[in-house]
Amino acid sequence: MTFQSRNFHTVVVGGGLVGKTAALALTQSGLRTALLATPAAPAPAAGSFDSRIYALSSSSQALLERLRVWQALERDKLGPVLDMRVFGDAFAELHFSAFQAAVPQLAWIVESSLIERSLDAALRFQPNLTWIDSRAQGLTIHDDAAHLTLANGDTLEADLVVGADGAHSWVRAQTGAKMLRRDYRQTGVVANFKCEKPHGETAYQWFRDGEIIALLPLPGDHVSLVWSAKTEHADTLLKLDPAQLAAEVEKATQNMLGALECVTPAQGFPLALQTVDRLIGPRVALVGDAAHLIHPLAGQGMNLGLRDVAALAETLAAKEAFRSAGDPVLLRRYERTRREDIQKLTLACDGLQKLFAMPGTLARGLRNTGMALVGAQPLVKRWLVSAALG
Ligand SMILES: Cc1cc2nc3c(=O)[nH]c(=O)nc-3n(C[C@H](O)[C@H](O)[C@H](O)COP(=O)(O)OP(=O)(O)OC[C@H]3O[C@@H](n4cnc5c(N)ncnc54)[C@H](O)[C@@H]3O)c2cc1C
């Protein structure tokens, strides 16, 4: 992709999965688009796993299908989730199944690098897309366009700048949007394991001592761990050697999947809640973690970000011919479409995190009774599944 023009309909800042998907969706809607992103990281060696794994909902699958990215993913590397078992920190257990919810699967477990490679391949074929390997470092808004200065000295003009630059978004800071951040004082420890017993395409989740441990089914006899651990405990877990970590996970998951063998180095991600007072500014729209940061206990952050992308691309694709991509009317339409979904999911994930972090016997009794009640109500369970499916 060569540098062709300094004038774009849209410039996407940030090359995470949300930014790349945004660039592809916008360019496929016929908008001349620039993507500011570093070149893709090399793929993991054949036969090895990426330690970044996402549980993708049907809304994400639908968007990636529309963009012809899903069809290019290697089938045997996609792990369907057919069942989900959630264990409370006392007597309660919840079971959700794709069969009962009358859906083909509850989610797909996909390696980050797999989606990234497929997105990169699709982006390479877009005649309207200019990929620029530089960071944005200056933004001024004019009546007729946004002007972006890049670290490599170039300047770009765009009708709209899309901030897809993650939780510490530079674009968001330029808009003056107010951001509230609450640190969960937890770290998400992720690693992949080979498991002795079949996982049966089941996602497992345990709430334990204010921490949350999830084992997500990868293809074959592998699972992916997301352990939302208190910071000091996570620091200890991250220092363990692979065999010690596997032993800790076996213990914490009551040997549900038998002996585990750690096959990727553990990585840690500090967890926080972030909300912003607006998703838009003059000639700016925020998507993905730049717009919202939620606890990973429901595996929904990426799904939420991809729904931002779908909404923004649909809004711009349906724009009246006389409006530019940065028209405030369009930006307000985008923001209106996204508000409710973001608020609901943010509240739900934060509420659950708080509920299970609350110490004391009374709190434990109440939350486990609540779980048991939900488990006995097929309609409530179906509602929860449809909310999680997106
Ligand atoms: C432990 C854990 C498990 C998770 N599991 C799931 C899951 O199962 N399912 C799910 O849906 N979500 C999950 N999430 C959430 C998900 O990881 C995030 O929501 C998602 O990665 C956000 O993607 P993004 O592209 O918005 O941001 P990022 O991935 O942070 O990408 C932002 C990009 O912008 C670039 N950038 C920053 N500043 C600039 C600049 N000035 N100029 C140019 N580029 C810039 C950065 O280098 C980066 O490449 C999980 C999160 C954690 C922590």
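Two strands pair if DSSP finds at least two bridges between them. The model is predicted.

The hairpin is made of E13 and E14, with two residues between the strands. Asp 209 has a positive phi in this hairpin, near 50 degrees. Strand E13 covers residues 202-208, and E14 covers residues 211-218. The two run antiparallel and are joined by five bridges. One of the residue pairs is Arg 208, which stands opposite Glu 211 in E14.

E13 also pairs with strand E5, residues 83-87. That pairing is parallel, again over five bridges. Here Val 86 has Gln 205 in E13 as its bridge partner. How much of E13 is buried? Six of its seven residues are, which makes the strand mostly covered.

Next, Ser 224. Ser 224 sits in strand E15, residues 222-230. Is Ser 224 buried or exposed? Ser 224 has 25 C-beta neighbours inside 10 Å, so it counts as buried; the cut-off for buried is 20 or more. Leaving out residues up to four places away in sequence, Ser 224 touches Ile 53, Ile 109, Val 190, Asn 192, Leu 216 and Leu 218. As for distance along the chain, Ser 224 and Asp 50 are 174 residues apart in sequence, yet their C-alpha atoms are 9.8 Å apart in space.

Now the open sheet. It has three strands in the order E3-E7-E4, and the pairing is antiparallel. From one strand to the next, the twist averages 25 degrees. E4 and E7, the latter being residues 107-111, run antiparallel and are joined by three bridges. Within that part of the sheet, Val 81 stands opposite Ala 107 in E7.

Helix H4, residues 112-124, packs on this sheet and touches E3 and E7. The direction of H4 makes about 80 degrees with that of E7. Asp 120 is found in H4. With 20 other C-beta atoms within 10 Å, Asp 120 is buried; since the definition asks for 20 or more, a count of 20 is enough. Asp 120 and Ser 324 are 204 residues apart along the chain, and their C-alpha atoms are separated by 27 Å.

Last, the ligand. There are 29 residues around the ligand. Which of them come nearest? They are Gly 16, Gly 166, Gly 188, Gly 288 and Gly 301. The elements giving two or more residues to the shell are helix H1 (17-28), E3, strand E12 (179-195) and helix H8 (301-317). H8 gives the most, with four residues.

By class, the shell has 14 nonpolar, twelve polar and three charged residues. Both domain 1 (7-45 + 116-180 + 277-353) and domain 2 (55-113 + 182-271 + 359-389) supply at least three residues each to the shell.

Methods:
Residues are numbered from 1 along each chain as its sequence is written. This is a predicted model: local features need pLDDT of at least 70, side-chain atom pairs count only at pLDDT 80 or more; totals for chains, interfaces and linings use all residues. Axes are lines fitted to C-alpha atoms, for helices over the stretch in contact, and angles run from 0 to 180 degrees between N-to-C directions. Two residues are in contact if their C-beta atoms, placed from the backbone, lie within 7 Å. A residue is near a molecule or strand if its C-beta atom, placed from the backbone, lies within 6 Å of it. Ala, Val, Leu, Ile, Met, Phe, Trp, Tyr, Cys and Pro count as nonpolar, Asp, Glu, Lys and Arg as charged, and the others, Gly among them, as polar. Domain bounds come from an automatic or database domain assignment. A residue is buried if 20 or more other C-beta atoms lie within 10 Å of its own, exposed if 12 or fewer, and partly exposed in between; C-beta atoms are placed from the backbone.
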